[in-house]
Amino acid sequence: MLTKREFYIDGAWVAPHEARDWTVVNPSTEEPAAVISLGGQADVDAAVAAANAAFPAWAATDPAERIALMEKVLEIYNRRYDEMAEAISLEMGAPKKLAHQSQADACNIEDAIRTAKDFNWMHEMDPATPGSMIIHEPIGTVAMITPWNWPISQVTLKVFPALAAGCTMVLKPSEYAPLDAMLLAEMLDEAGVPKGVFNLVNGDGEGVGAALSRHPGIDMVSFTGSTRAGIAISKAAADTLKRVSLELGGKGANIIFADADERAVKRGVRHCFNNTGQSCNAPTRMLVERSVYDQAVETAKEVAEATTVGPAHEDGPHIGPLVSERQYKRVQALIEKGIEEGARLVTGGPGRPEGFNRGFYVRPTIFADVEPGMAIEREEVFGPVLAMIPFDSEDQAVDIANDTPYGLTNYVQSQDGAKRNRLARKLRAGMIEMNGRSRGQGAPFGGVKQSGNGREGGVWGLEEYLEVKSVSDWAAE
Ligand code: NAD
């Protein structure tokens, strides 16, 4: 079992100031997987001091120098790719195939490099106002607080644009899945990222997370996680007026019209169950036009019953366990609530799937006849649980889809282009995905309303870490 109590601060692995052990649990077996430390204020102070000290020199480097360093990290990342996939699989329960094919994907690093290469760091504002220059500059030292569900993806979506921008940073990964981030720290170190530019302090939300959020030496917090924590961070950051970028929860509607392609329902159920339902952008509310609703419920049942569940270390197309006992209990309580509130349990339900008495496994579950306002319709379940709702008209579908505090991703399935475009405009969400087509490479990821205010990926993800400076009477060079 891995034991690594040190934090990566100022270019070295250093012992924590306070020794508070934390056991990372393998969700497939409930056995300990690793021991790390949870840091405190003194560790945060040390990491912030290192990042602040490194900032002036790093911010002054040429973007080409930073890009070259990122390319070196990418090379190391690709060399150690299998280790990364295995760390993720172990800590958060993603089965081998998912961990290797999706979870560990280096696309965010590649995207950040491409974006930085194309970015215009300094340009004239307008030919009509000669000498008026716009300069994009790094915001400063950034605190990054990340969750466990797509752990390295969420970390790389922050670290690489911030490196490209010329920011320095302190990362606090999720205490449930810190191993991937610690591995990345080793890679950044090997690549020769200057000391103090990247720092990592492990900890929990109340300790290190809160200390970073209120720290006067932090200029910005970039957070991905729950809406609850996003609110706490925003409040803690308010006294020092930091920029706070939030990527929060979601309760995506997947609107399936009668003219949808024949694979739409199957695709929607599978998407909902992907990563064992632990994705902020999962299409967890399936809204189906009434004329095809009964058939859709039947198809959803078949897909759920064909979905196998198994341990992360086994090969195969199965879904893994949930990440933790806490999440297991939460998902079980929401399934019970669904039954209590009168939704029709089509398949799945409470308890572990047959054959399991250990591990945080959940039965792939379909609820039909879910009514707007029920807990399983309002709350993010974060498990393999689909809520199906019939609708009678386009307007009603839009009303149900928009009647949520969240606004991350909505989905539309229809062969009618004009209808799709109407819906794309009417749905209140940061992202609309239609007919199973994912958004383009480098498209911005983020939400509206209580899904947050950040946009990660592409040029939008880089600009999050930049300040805009406006200069007059710039002399031609
Ligand atoms: P969480 O909010 O409990 O934890 C996320 C991170 O925040 C962890 O590192 C945690 O230690 C830290 N944290 C918790 N409380 C804090 C506080 N008061 N102050 C500072 N830091 C604090 O979320 P989770 O359970 O790890 O992850 C699941 C949530 O993340 C879901 O709600 C999911 O929708 C959301 N999520 C959103 C996106 C997105 O891009 N919109 C992506 C993935 C996950």
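The model is predicted, so local features need pLDDT of at least 70 and side-chain atom pairs count only at pLDDT 80 or more, while totals for chains, interfaces and linings use all residues. Residues are numbered from 1 along each chain as its sequence is written, and side-chain values use heavy atoms, with hydrogens and water left out.

Helices (H or I, at least four residues) and strands (E, at least two) are DSSP runs, numbered from the N terminus. Helix α9 comprises the 12 residues 227–238. The expected span of a helix is 1.5 Å times one less than its number of residues. For α9 this gives 16 Å, and the end C-alpha atoms are 16 Å apart, which agrees. Thr227, Ala229, Gly230, Ile233 and Ala237 are the buried residues of α9. They cover an arc of only 155° around the axis, which puts them on the same side of α9. Buried means under 20% relative accessible area, exposed over 50%, and partly exposed in between (1.4 Å probe, protein chains only). The arc is that of the directions from the helix axis to the C-beta atoms. An α-helix has 3.6 residues a turn, so residues three or four places apart point the same way. Arg228 and Lys235 are exposed on the other side of α9. The cover over the buried residues of α9 includes β8 (141–145), α8 (205–214), β11 (220–224) and β12 (243–247). Contact here means heavy atoms within 4.5 Å.

Strand β8 is itself mostly covered, with 5 of its 5 residues buried. Thr141, Ala143 and Ile145 point one way from the strand. Val142 and Met144 point the other way. Strands β8 and β9 run parallel and are joined by 5 bridges. Two strands pair if DSSP finds at least two bridges between them. Within this pairing, methionine 144 stands opposite leucine 171 in β9.

Two further helices also bury one face. In α4 (residues 96–103), the buried residues include Leu98, Ala99 and Gln103. They cover an arc of only 100° around the axis, which puts them on the same side of α4. Among the elements covering the buried residues of α4 are α3 (81–92) and α6 (151–165). In α10, Ala264, Val265, Gly268, Val269, Cys272 and Phe273 are buried. Seen down the axis of α10, these residues fall within an arc of 160°, so they line one face of the helix. Their cover includes β13 (253–256), β14, α11 (293–306), β16 (365–368), β17 (385–391) and β18 (409–413).

Alanine 47 lies in helix α1 (residues 41–59). At 0% relative accessibility, alanine 47 counts as buried. Alanine 47 touches Ile9, Val170, Asn199 and Val201, not counting residues up to four places away in sequence. The C-alpha atoms of alanine 47 and valine 197 are separated by 9.8 Å, although the two residues are 150 apart along the chain.

Aromatic rings were examined next. Rings of Phe, Tyr and Trp (its six-membered ring) pair if their centres lie within 6.5 Å; planes under 30 degrees apart count as stacked, over 60 as edge-to-face and the rest as tilted. By this rule the count comes to 8 aromatic pairs. The rings of tryptophan 22 and tyrosine 176 have centres 5.5 Å apart and planes at 90°, so the pair is edge-to-face. The pair links distant parts of the chain, 154 residues apart. Tryptophan 22 lies in strand β4 (residues 21–25), and tyrosine 176 in the loop between β9 (168–172) and α7 (179–191). Tryptophan 22 is partly exposed, with a relative accessible area of 22%. Ring pairs also link Tyr8, Trp13 and Phe198 into a cluster.

A charge sits over a ring if NZ of Lys or CZ of Arg is within 6 Å of the ring centre and within 35 degrees of the ring normal. The charged end of arginine 352 sits over the ring of tyrosine 328, 5.2 Å from its centre. The charged end of lysine 419 sits over the ring of phenylalanine 257, 4.1 Å from its centre.

Glutamate 30, not a glycine, has a positive phi of about 65°. Glutamate 30 is found in the loop between β4 and β5 (32–37) and is partly exposed, with a relative accessible area of 26%. Asparagine 275, which follows α10, has a positive phi near 60°. Threonine 276 has a positive phi near 55°. Threonine 276 is found in the loop between α10 (264–273) and β14 (285–289) and is buried, with a relative accessible area of 4%.
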